[in-house]
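Subject: Handover of a structure

Dear colleague,

Please find the sequence and structure below. My notes on the findings follow.

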Amino acid sequence: MGLLALNRPRSVRRIGVAGQFKAVKLDNGEESGVSVIVHVFYLFFSSISPSVHLTNAPSAADGSVTSAAKRKASLCPQDDHSRRGKKLRYSGPTLPEDIWHHIHSLMGLRDAARVSSVSRSFLRSWKSYPNLIITSETLCLKGGEYERSLKISRDLARNTNSILQKHSGEGVKVLKLQINDFPRFSTSRDLNRWLRIAVKPGIEELDLWLELHSRDAAVYDFPCSLLHNGSGKSIQYLHLSNCAFRPTDGLVCLRSLTSLDFFDVRITADELGYLLANSVALDKLRLVFCHELVFLKIPSLLQRLSHLIVNCCENLEVIESKAPNLYSFRYIGDQVRLSLGDSVRDFEIGASGSDFVHYACENLPRMLPNLEALDISSRYVKDTPVIPNKFLHLQLLCIGYFMPDYDYFSLVSLLDACPSLETFVLYVDPERVEQESVLVDSSRDLRQLPGHFHRNIKDVQIFGFCSARTIVELTCHILENATSIEWLTLNSQFFGYGKYVKCPKMSRDMIMEAHKTLLVVERYILEKIPSSVELKNLEPCNRCNPLKI
């Protein structure tokens with residue numbers, strides 16, 4: 001079945017739009033959004049040049065068009081009914097072919113395919129349609145159970161083949177392919193053929209998202225030769241997943257590349273070095289699940305590189321960057337040896353199997369003297385040590401997800417080492433906290449450290465606030481010693497708000513603990529809050545997590 005047959009509604013009637021185009025009306029009576037775009041363009045050009053006669057307006061397959069005046073009249077139901085079926089010839093101003101091609105390029109893939117069946121101009125434009133974003137979403141393929149998902153994978157492969165076979169390969173700016181259940185419904189030979197059709201000089205974005213049918217499925221070997229002979233020189237964004245990428249020295253030239261994103265790509269350190277050496281315009285580099293990397297070296301010639309993200313590359317041991325303008329670094333994984341230069345301002349790390357807090361406190365002030373934002377999460381953390389050097393420029397500190405018995409009051413030493421700190425965010429997982437509640441023995445005094453002033457802290461946010469004694473001690477210390485504080489947020493849920501239509505489910509114990517925090521705030525916190533401080537005490541949502549006695 002051809003592309004146009006796949007995309008044409010089973011029942012279509014045509015209505016006049018702006019006197020230039022016969023828009024598609026769907027089975028459910030909704031007019032395609034395409035007509036709106038066409039109408040706007042028509043009104044714009046006719047308003048700036050109402051007397052100029054332009055040529056080559058797109059026409060329906062039978063050559064007929066509808067006038068703007070007739071469209072106005074068709075707003076009356078009886079007139080529209082009386083004229084239905086008649087061919088109305090338009091004699092007013094028309095638009096040049098290249099304008100209609102530009103309008104066509106602004107449509108989504110589904111609308112662009114549909115209108116190509118009712119207009120010769122758009123049919124010609126379709127063969128050089130620039131934005132080939134072929135995914136289950138753009139083709140409106142929705143899945144569910146296993147058999148349904150397999151059918152979608154098969155239909156997606158068939159549609160991809162049909163679309164690219166009907167395309168000339170010229171004028172493509174964006175190519176995004178979603179390949180499901182590889183190689184069950186599309187083989188390596190299919191992918192190579194599709195890429196050769198669309199990857200030509202002038203392409204700017206190439207996004208290949210492969211989902212393997214099984215863990216032992218054959219790995220697709222991306223044809224690096226496609227990026228030779230000028231085809232790679234115009235690419236600005238390259239995203240590859242679940243494939244092997246094996247460039248050799250001098251083969252790949254990506255001189256316009258600004259963003260490189262590899263997800264589960266088989267590539268060695270030497271091969272990545274060849275690629276980076278020929279990508280001098282690179283601004284953002286993201287590497288996720290690239291397990292063949294043992295060391296990552298960023299050369300100094302990448303002077304525009306500002307963002308580096310490295311996540312879950314399990315065999316990585318060393319990250320070394322000589323990029324002079326690297327601004328932001330993100331890392332998730334085991335502790336590695338770092339050498340990033342002094343240009344980094346924004347540093348985020350999630351160390352899964354080691355105590356990175358101690359490493360950061362002892363080394364980062366010296367390694368990254370200009371750091372302004374620091375985000376650390378590490379499960380295996382002892383109490384925070386006394387820090388020999390200071391984070392002189394640090395303004396934002398996010399830290400958390402520690403061991404169950406972690407002494408949060410020890411974070412005072414870290415706050416002391418950040419004289420410019422303005423925002424402090426602490427994440428606590430209350431389900432993992434194994435500490436005595438401050439409500440158990442109210443006769444015990446809270447620990448204090450007088451004289452440890454934090455003069456610039458204005459905003460304090462604690463997610464997962466609970467009745468654990470060390471957390472309450474830290475909160476009271478901040479209130480007593482942060483002389484510029486303006487906002488205090490105590491959220492009993494550590495995941496925060498804003499991303500969920502419905503709150504994540506909480507266990508009964510966590511709901512009970514969250515309600516204890518209301519008593520803690522009343523007994524220990526409220527009396528210490530100055531009148532100038534805005535308190536946000538966010539308790540559990542009673543609709544999503546009601547307290548059941």
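A salt bridge is a side-chain nitrogen of Lys or Arg within 4 Å of a carboxyl oxygen of Asp or Glu. The model is predicted, so local features need pLDDT of at least 70 and side-chain atom pairs count only at pLDDT 80 or more, whereas totals for chains, interfaces and linings use all residues. Residues are numbered from 1 along each chain as its sequence is written, and side-chain values use heavy atoms, with hydrogens and water left out.

Confidence is given as pLDDT (the predictor's confidence in each residue, from 0 to 100). The chain has a mean pLDDT of 80, with 77% of its residues at 70 or more. Residues 1-34 have pLDDT below 50, and this stretch has 90 contacts in the model beyond near neighbours in sequence; a contact means heavy atoms within 4.5 Å.

Asp459 lies in strand 19 (residues 459-463), strands being DSSP runs of E of at least two residues, numbered from the N terminus. Asp459 is buried yet has no salt bridge, and the nearest side chain of opposite charge, Lys536, is 7.8 Å away. Buried means under 20% relative accessible area (1.4 Å probe, protein chains only). Lys and Arg count as positive, Asp and Glu as negative, while His and the chain ends are not counted. Beyond four places in sequence, Asp459 contacts Glu422, Thr423, Phe424 and Trp487.

With a disulfide defined as a pair of cysteine sulfur atoms within 2.5 Å, the count is 0. For Cys290, the nearest cysteine sulfur is that of Cys313, 4.9 Å away. Cys290 is buried, at a relative accessible area of 0%.

Terms used:
Buried < 20%, exposed > 50% of the residue type's maximum accessible area, 1.4 Å probe, protein only. Helix = DSSP H or I, 4+ residues; strand = E, 2+ residues; numbered from the N terminus.
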